[in-house]
Amino acid sequence: RGRGLRATRDIGAGEVLVRERPTALCFGDDVEGDGADEARDEIIAQLFIAAAKPGPTATAISKLCAFVEQHDKSTLDEVAAAATPAVRARVAKRAGADVANSVTPSAVAHTYCQYSLNAMAVLGPASLDTIGTGVYALHGALCNSELEPNCWCCFELNCSSGCLLYTSDA
C-alpha cells in the first residue's frame, strides 16, 4: 500500500529506529473525556500552523491519511461547526490572519480526519494513564499503520520537546 516502515536490514533488540519531535502535541489529564474537544481543537490548530510553513513537515502533513469519505458525515459537520471558530482564533493568535484564513469548515473537517487517524496517545510513565495526545507526521504516523504493532515507543521525559522514540521489540 506504500505506507509504513520496511526494514532493509536486521534491526537489533532495543535499537532506536526513529526519533521525532511532535508535529502537534497537547497535554492534559482529560484529553479523552470532557477535555477531548479542547484537545482536538488545539491539535488541529497546531497542524494548520505547521502546514503553513513550507518544508518537510508541511509535506508530511499533506500526506497524512484522512479517509474523509469513511467518516460519518454528521460527525464531520458537527466537528466543523463546533471547532472552526476555536481553531481559527487559536491560529490567528499564533500565526496571523493569513494562516487563519485557511481555517474553513471543510479544512477543519479534513484536518480532524487526519488527527483522528494519525494521533497517538501519550501515556504517563508510571501509571500508563493517558496524559496527552500527539501527531508525529514525519515518521511516527507510518509506524504501526496497519494495526499490527511492530515496535514500541516512549517519550523522552528529559526532553522538553516531547520527542518520540521508536524502539524495536525484536
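Lysine 73 sits out in the open: it is exposed, with a relative accessible area of 59% (exposed means over 50%, buried means under 20%, and partly exposed is in between, using a 1.4 Å probe and protein chains only). Its side chain meets that of aspartate 77 in a salt bridge, at 3.0 Å from N to O. A salt bridge here is a side-chain nitrogen of Lys or Arg within 4 Å of a carboxyl oxygen of Asp or Glu. This is a predicted model, where local features need pLDDT of at least 70 and side-chain atom pairs count only at pLDDT 80 or more, while totals for chains, interfaces and linings use all residues. Residues are numbered from 1 along each chain as its sequence is written, and side-chain values use heavy atoms, leaving out hydrogens and water.

**The big picture**

- The protein has five helices and six strands; both are DSSP runs numbered from the N terminus, with helices (H or I) needing at least four residues and strands (E) at least two.
- Starting at the N terminus, the elements go β-β-α-α-α-α-α-β-β-β-β.
- There are 170 residues in the protein, and 40% of them count as buried.
- The accessible surface comes to about 9700 Å², and carbon and sulfur atoms account for 53% of that; these areas come from the Shrake-Rupley method with a 1.4 Å probe, and for residues only the protein chains shown count as cover.
- Take the contacts between residues at least 6 apart in sequence: 67% of them join residues at least 24 apart. A contact means heavy atoms within 4.5 Å.

**Salt bridges**

- Searching the whole structure turns up five salt bridges.
- Back to our opening pair: lysine 73 and aspartate 77 are four residues apart in helix H3, so about one helical turn separates them. Aspartate 77 is partly exposed, with a relative accessible area of 41%.
- Aspartate 37 pairs up with arginine 40, and their closest N and O atoms are 3.3 Å apart. Both lie in helix H1 (residues 36-51), three residues apart, which is about one turn of the helix.
- Glutamate 42 counts as buried, at 11% relative accessibility.

**How the helices pack**

- Two packed helices are described by the angle between their axes and the distance between the axes.
- H1 and H3 pack at an angle of about 50 degrees, and their axes are 9 Å apart. That makes H1 oblique to H3.
- For the axes, lines are fitted to C-alpha atoms, for helices over the stretch in contact, and angles run from 0 to 180 degrees between N-to-C directions.
- As for the angle words, under 35 degrees is roughly parallel, over 145 is roughly antiparallel, 65 to 115 is roughly perpendicular, and the rest is oblique.
- Residues making the H1–H3 contact include Glu42, Ile44 and Phe48 of H1 and Ala83, Val87 and Arg90 of H3.
- The axes of H1 and H5 come within 10 Å and cross at roughly 105 degrees, which makes H1 roughly perpendicular to H5.
- Where H1 meets H5, the residues include Arg40, Ile43 and Leu47 from H1 and Val108, Thr111 and Tyr115 from H5.

- Phenylalanine 67 is in the loop between H2 and H3, and it has a positive phi of about 45 degrees although it is not a glycine.
- For background, most residues other than glycine have a negative phi.
- Phenylalanine 67 counts as partly exposed, at 40% relative accessibility.
- Proline 56 is in helix H2 (residues 56-62) and is exposed, with a relative accessible area of 63%.
- Along the sequence, proline 56 and alanine 137 are 81 residues apart, but in space their C-alpha atoms are 9.5 Å apart.
- Asparagine 101 lies in the loop between helix H4 (97-100) and helix H5 (105-118), and it is exposed, at 57% relative accessible area.
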